Amino acid sequence: MASRWWRWRRCCSWRPPARSPGPGSPGRAGPCGARACADAGAQVSYFNLVKSLTSAFPNMYSISRFQHTTSAACCCSKTRSGEKYTDPFKLGWRDLKGLYEDIRKELLISTTELKEMSEYYFDGKGKAFRPIIVVLMARACNSHHDNSRDVQASQRSIALIAEMIHTASLVHDDVIDDARSRRGKHTVNKIWGEKKAVLAGDLILSAASIALARIGNTTVISILTQVIEDLVRGEFLQLGSKENENERFAHYLEKTFKKTASLIANSCKAVSVLGCPDPVVHEIAYQYGKNVGIAFQLIDDVLDFTSCSDQMGKPTSADLKLGLATGPVLFACQQFPEMNAMIMRRFSLPGDVDRARQYVLQSDGVQQTTYLAQRYCHEAVREISKLRPSPERDALIQLSEIVLTRDK
């Protein structure tokens, strides 16, 4: 089956013409173009795989849109408003000065040990990826609404809350995964133990909840409490697996959304609600955050196979060691069906992790996962481009490229 599927894939591989229409354009050919695929059984298998993607996130991709692309096709280095390129992180940090000091002020703790644990990851050494997106989205939406680019205090608070929720989830994830390193240093659970780490994560979440309540907007409170529910549901999804290959990919993407993208999507939506009354803008903000968030995690799953531990700040092949089948593994299964048995036993037998890693590197699993991340970034750019031109909107476009090209 794998060889038949691979022959079909090769016959259907797409190369962009000199001037190819964008995704979903009326004149765009299907994945096989004029050349009919000889192996109908293999075509059905691949169609089912793609259908599982579209069922997990409807209205995003049609079968004709899920095709090979090149890095050039995803390059967004030219800003849309014609202004000089500005580093999104430099632009975003204008509104985030004192970010970690302000977060530590939210963690009003008298117990020395609990204070040290809760503040441990708020050391200023993180990428602050989520707060950057939040404040850029706030300015972009404000500018779109009334040409006011100033970030409201409540919108900046969302950036802090997003980072707090994210960090609390890291503390809890490290307990569940029995992780020993994070961001190049020992984890909270390794230093203080699992029980205390769980409590520290809970405390960070409670502080974030208090800050959220202080904003006083019930719609925003509802939006961000959905994130916490999604984090829990995503963790449960990660603990399970599906026997059916097509269901397995949908399961993986749903987990990816809930564990990673929901926080970004809903934080972006929250600041749009605070800055603009238009529901259309709220949906644009949400869709941008969702697509960038999924792409971010897909690239993270790629880096687990392609980066070294020093770059990542944590051990590589970590997902395999945890028994998790991510995008590169699921795509590799199409060429190496023997991996299915390893997935179902969660790579628990001696040698499973090393064999699975070799299969992934011998397949095009890494490339296919990268292609998929590119498609999500294309969709993010398409959404955010609906807003009026502004330096912050252009920075969000640039950020989608940074997501694809990062190496840690």
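Buried means under 20% relative accessible area, exposed over 50%, and partly exposed in between, using a 1.4 Å probe and protein chains only. This is a predicted model, where local features need pLDDT of at least 70 and side-chain atom pairs count only at pLDDT 80 or more, while totals for chains, interfaces and linings use all residues. Residues are numbered from 1 along each chain as its sequence is written, and side-chain values use heavy atoms, leaving out hydrogens and water.

Start with the salt bridges (a side-chain nitrogen of Lys or Arg within 4 Å of a carboxyl oxygen of Asp or Glu). The whole structure holds 22 of them.

Select Glu 106 and Arg 214. Their side chains form a salt bridge, 2.6 Å from N to O. It links distant parts of the chain: Glu 106 sits in helix H4 (residues 99–106) and Arg 214 in helix H9 (residues 194–215), 108 residues apart. Helices here are DSSP runs (H or I, at least four residues), numbered from the N terminus. Glu 106 counts as partly exposed because its relative accessibility is 24%. Arg 214, at 54%, counts as exposed.

Next, select Glu 235 and Lys 259. Here the salt bridge spans 3.0 Å, N to O. Glu 235 belongs to helix H10 (residues 218–239) and Lys 259 to helix H11 (residues 245–275), so the pair ties together parts 24 residues apart in sequence. Glu 235 is buried at 9%. Lys 259 is buried at 17%.

Move to Glu 383 and Lys 386. Their closest N and O atoms are 3.3 Å apart, in a salt bridge. Glu 383 is buried at 6%, whereas Lys 386 is partly exposed at 44%.

Finish with Arg 94, Asp 95, Arg 139 and Glu 392. Salt bridges link these residues in a network.

Note on methods: Helix = DSSP H or I, 4+ residues; strand = E, 2+ residues; numbered from the N terminus.
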